[in-house]
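Here is a briefing on one protein model and its ligand. Keep the sequence and the 3D view open as you read.

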Amino acid sequence: MRLSNIEFKAMNNAARRVLQRTVEFPVFKRMGLTEQSCDILEIGCGSGYGAVLLSELRPKSYVGIDLMPEQIALARQRRLPNAEFMVQDAAQLPFADESKDAVVIFGVLHHIPTWRQVVSEVYRVLRPGGRFFVEEPDGAAVAKFDRVFAWGHASDALFLLRDLERFLQTTGFTVLGQRHMMSFGWYHARK
Ligand SMILES: C[S@@+](CC[C@H](N)C(=O)[O-])C[C@H]1O[C@@H](n2cnc3c(N)ncnc32)[C@H](O)[C@@H]1O
């Protein structure tokens, strides 16, 4: 779903970039997001700062998708070599089966009522042994946050982290690692 105006601003500022660079991406790296020369897909790439961080892995290819044309316009302004950005709904990935080595998500599924379909699509596009790195907030915490700050998350998209973990396993992933900090969870899963 599209972000509310307030969340769009909260996602596109220097403080958000500092958090992503100094906390969120290092957690993924400690969990194993270190392989170089991969075909990487980032879902909900926003304004492309994740692509800047992931470029340190020197991917063979990087594609960032996002539902919001405004986000993709910002991402394209970064003019990153070897990175492609597309307006695309994550529930229908326009990529061949078994065509990616790694899929990365920085806090996106909790905006998508059909998040289970997205997880299934991630499984489909990953090569056997491919890795899924996903970070999400717990839905109960998001609901409480919204009662105070009114960012307007859609309640039908919110899920508990234990439901995400369970669904990763149901889909066929092996969960290799997980970290929890505040109300956020990071998962590293292998196809
Ligand atoms: C909370 S923002 C996170 C953006 C970026 N990953 C970050 O960490 O700064 C969620 C992003 O997911 C995108 N999004 C929401 N629903 C989507 C969908 N169905 N398909 C693709 N992207 C979606 C939004 O447009 C937004 O850019």
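## Contacts and ligand site

H153 touches E7, H110, H111, V142, D146 and L158, leaving out residues up to four places away in sequence; contact means heavy atoms within 4.5 Å. This is a predicted model: local features need pLDDT of at least 70, side-chain atom pairs count only at pLDDT 80 or more, and totals for chains, interfaces and linings use all residues. Residues are numbered from 1 along each chain as its sequence is written, and side-chain values use heavy atoms, with hydrogens and water left out.

**H153**

- H153 lies in the loop between α6 (139-149) and α7 (161-171). Helices (H or I, at least four residues) and strands (E, at least two) are DSSP runs, numbered from the N terminus.
- H153 counts as buried because its relative accessibility is 12%. Buried means under 20% relative accessible area, exposed over 50%, and partly exposed in between (1.4 Å probe, protein chains only).
- The side chains of H153 and E7 make a polar contact at 3.1 Å. A polar contact is a pair of N or O atoms within 3.5 Å; within protein, one must be able to donate a hydrogen and the other to accept it, and residues adjacent in sequence count only if both atoms are side-chain atoms.

**Ligand site**

- Where does the ligand sit? The ligand is in the largest pocket.
- A pocket is found on a 1 Å grid over the protein atoms alone, as an open set of points where a 1.4 Å probe fits, with protein on both sides within 12 Å along at least five of seven lines. A molecule sits in a pocket if more than half of its atoms lie within 2 Å of its grid points.
- There are 20 residues around the ligand, and M1, R16, G44, D66 and A90 come nearest. A residue counts as near if one of its heavy atoms lies within 4 Å of the molecule.
- Helices α1 (5-11) and α2 (14-31) each supply at least two residues of the shell around the ligand.
- An N or O atom in the D66 side chain is 2.6 Å from an oxygen atom of the ligand.
- For the Q71 side chain, an N or O atom is 2.9 Å from an oxygen atom of the ligand.
- A90 uses its backbone: an N or O atom there lies 2.9 Å from a nitrogen atom of the ligand.
- On its own, the ligand has 600 Å² of accessible area, and the protein covers 96% of that. Accessible areas come from the Shrake-Rupley method with a 1.4 Å probe.

**D66**

- D66 is found in strand β2 (residues 61-66).
- Is D66 buried or exposed? D66 is buried, because its relative accessible area is 8%.
- The D66 side chain reaches the backbone nitrogen of G46 at 2.9 Å. The D66 side chain also reaches the backbone nitrogen of M68, at 2.9 Å.
- Beyond four places in sequence, D66 touches G44, C45, G46, Q71, I72, M86, V87 and Q88.
- D66 and G44 are 22 residues apart in sequence, and their C-alpha atoms are 4.5 Å apart.

- F85 is in strand β3. F85 is buried, because its relative accessible area is 6%.
- Apart from neighbours within four places in sequence, contacts of F85 include C45, Y62, I72 and L80.
- F85 and C45 are 40 residues apart along the chain, with 8.3 Å between their C-alpha atoms.
- Q88 lies in the loop between β3 and β4. A polar atom of the Q88 side chain lies 2.7 Å from the backbone oxygen of Q92.
- Q88 is in contact with I65, D66, L67 and P94, setting aside neighbours within four places in sequence.

**Loop residues**

- G107 is in the loop between β4 (100-106) and α5 (115-125). G107 counts as partly exposed, because its relative accessibility is 23%.
- G107 touches E135 and E136, not counting residues up to four places away in sequence.
- E98 is in the loop between β3 (83-87) and β4. E98 has a positive phi of about 50 degrees, although E98 is not a glycine.
- E98 counts as partly exposed, because its relative accessibility is 43%.
- M182 is in the loop between β6 (174-181) and β7 (184-190). Phi of M182 is near 50 degrees, a positive value in a residue other than glycine.
- M182 is exposed, because its relative accessible area is 81%.

Notes
On a 1 Å grid over the protein atoms alone, a cavity is a set of points where a 1.4 Å probe fits but cannot get out, and a pocket is an open set with protein on both sides within 12 Å along at least five of seven lines; lining residues have an atom within 4 Å of a point.
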